[in-house]
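Subject: Handover of a structure and its description

Dear colleague,

Please find below the sequence and the structure that I am passing on to you. A description of the main findings follows.

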Amino acid sequence: MRKLVFGLILALGLLSFPAGANADTVSDEATFVAKINSLRASKGLPPLQVNTNLVAKARAWSAGMAAASKIWHSTLSEGVTEDWRKLGENVGMGGSVDGLHTAFVNSPHHYENLVDPAFGYVGIGIVMNGSTIFVSEVFMQLMPTKLPVVTLPITSPTTAPPATTTTTAKPAPKPAAPKPVLTPVKTPALPSTTTSTPTTTTTTTAPPAAPPVPEVDTAPADPPRAPSPLLVSVLERLRTFDS
C-alpha cells in the first residue's frame, strides 16, 4: 500500500538570539498538542495521541534547524520506526507558541495537516535559539492492523451416512383373561298336576321319569341244524346198550 508524506514550512519573525536562551520547551510542546486537539474537537474529529517515536524525531529535527537558524523539511520516513501508512509535517520558527499555532491555522496547507481525519498520532519537538522557537510537528497514520492468516487443510467433503432409525415394536399388551361368568343352573321343573277345589289346592308331583333304555340290536338266531347220519347212528347204538 502506498505511503504518503506531506511537509510544510512556516517561518514567522525570524530573529537571531544567543543560543543559551532557553524556554520550558516540554511545556510548550504540550501546549501545541492541546491547541491542535482543541481545533480538531471543534471539527468533530478525535484527538491526536502523542507518540514518543514521533516526538524524538521532531526534537532532533528542530535541533538541527535551530543550529542552522533556518527551517526546512526532513525526510519524513527517517527515524520513524512505526508501521506507518501516512506521514505529515509542519515546521516553523517564531517568537511564541500562540503566534506559531495561529499562523499554522491560517495557512491552508498547514491547516490540512492539523485537521486531517486520517492522522491519529502526533509528535511535537521544540528547540530554542535565543528567544526564537524552532518547532516541528510530525503527524502519522498507522497501517491497519493485519489479522493473522489461518490456513486450514483442504479436506474432501465427506458424506455422513444417513441416519438409521431403529424402531422397536413393543408387544401389544395381552388382553385380560375374561372373568368366568357364573350362570346359575336352573333345575328343570318336574311336571306337576294341579287339582283345584273350592277350598284347597293339592299339588301332586309325578315320580321322575325313568331314563330311556338304549335299544340293543339282537342278531337273529341261527336256524336248528338236522343231525348228521353218523350222529344218528351213534345215538341209535347207545340206546341199544341202555335197553
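Read along the sequence, the protein follows the pattern β-α-β-α-β-α-α-β-β-β-β-α. Please bear in mind that this is a predicted model. The pattern is made up of five helices and seven strands. Of the 243 residues in the protein, 27% are buried. The protein exposes about 17700 Å², and carbon and sulfur atoms supply 62% of that area. Among contacts with a separation of 6 or more, 73% are between residues 24 or more positions apart.

Strand β3 runs antiparallel to strand β5 (residues 132-142), and ten bridges join the two. Within this pairing, L87 stands opposite M140 in β5.

In soluble globular proteins, nonpolar side chains tend to be buried together. Here, the largest nonpolar core has 19 residues, and those with the most contacts inside it are F32, L114, I124, I126, I133, V135 and F139. The elements that each give two or more residues to this core are α1 (25-42), α3 (97-106), β4 and β5. A second, separate core has eight residues, including V80, L87, V138 and M140.

Leaving aside residues up to four places away in sequence, I126 touches T25, D28, E29, F32, R59, S62, I133, F134 and V135.

How many aromatic pairs are there? The count comes to two. The pair of W61 and W72 is edge-to-face, with 5.2 Å from centre to centre and 75 degrees between the planes. W61 belongs to helix α2 (residues 52-68), while W72 lies in the loop between α2 and β3, eleven residues apart from W61. W61 has a relative accessibility of 22% and therefore counts as partly exposed. W72 is also partly exposed, with a relative accessible area of 30%.

The other pair consists of F119 and F139; their ring centres are 5.6 Å apart and their planes are at 25 degrees, so this pair is stacked. F119 lies in the loop between α4 (108-114) and β4 (121-129) and F139 lies in strand β5, so the pair ties together parts that are 20 residues apart in sequence. Are these two residues buried or exposed? F119 counts as buried because its relative accessibility is 2%. F139 is buried as well, with a relative accessible area of 0%.

K70 lies over the face of W72, at 5.5 Å from the ring centre. K86 lies over the face of F119, at 5.2 Å from the ring centre.

Finally, I would draw your attention to S69, in the loop between α2 and β3. Its phi is near 55 degrees, a positive value in a residue other than glycine. S69 is partly exposed, with a relative accessible area of 30%.

Yours sincerely

Terms used. Residues numbered from 1 in each chain as written. Predicted model: local features only at pLDDT ≥ 70, side-chain atom pairs only at ≥ 80, totals over all residues. Heavy atoms only, no water. Pairing = 2+ DSSP bridges. Helix = DSSP H or I, 4+ residues; strand = E, 2+ residues; numbered from the N terminus. Phe/Tyr/Trp six-rings, centres within 6.5 Å; stacked < 30°, edge-to-face > 60°. Buried < 20%, exposed > 50% of the residue type's maximum accessible area, 1.4 Å probe, protein only. Lys NZ or Arg CZ within 6 Å of the ring centre and 35° of its normal. Contact = heavy atoms within 4.5 Å. Areas by Shrake-Rupley, 256 points an atom, 1.4 Å probe, with all protein chains shown as cover. Core = buried A, V, L, I, M, F, W, Y, C linked by side-chain atoms within 4.5 Å.
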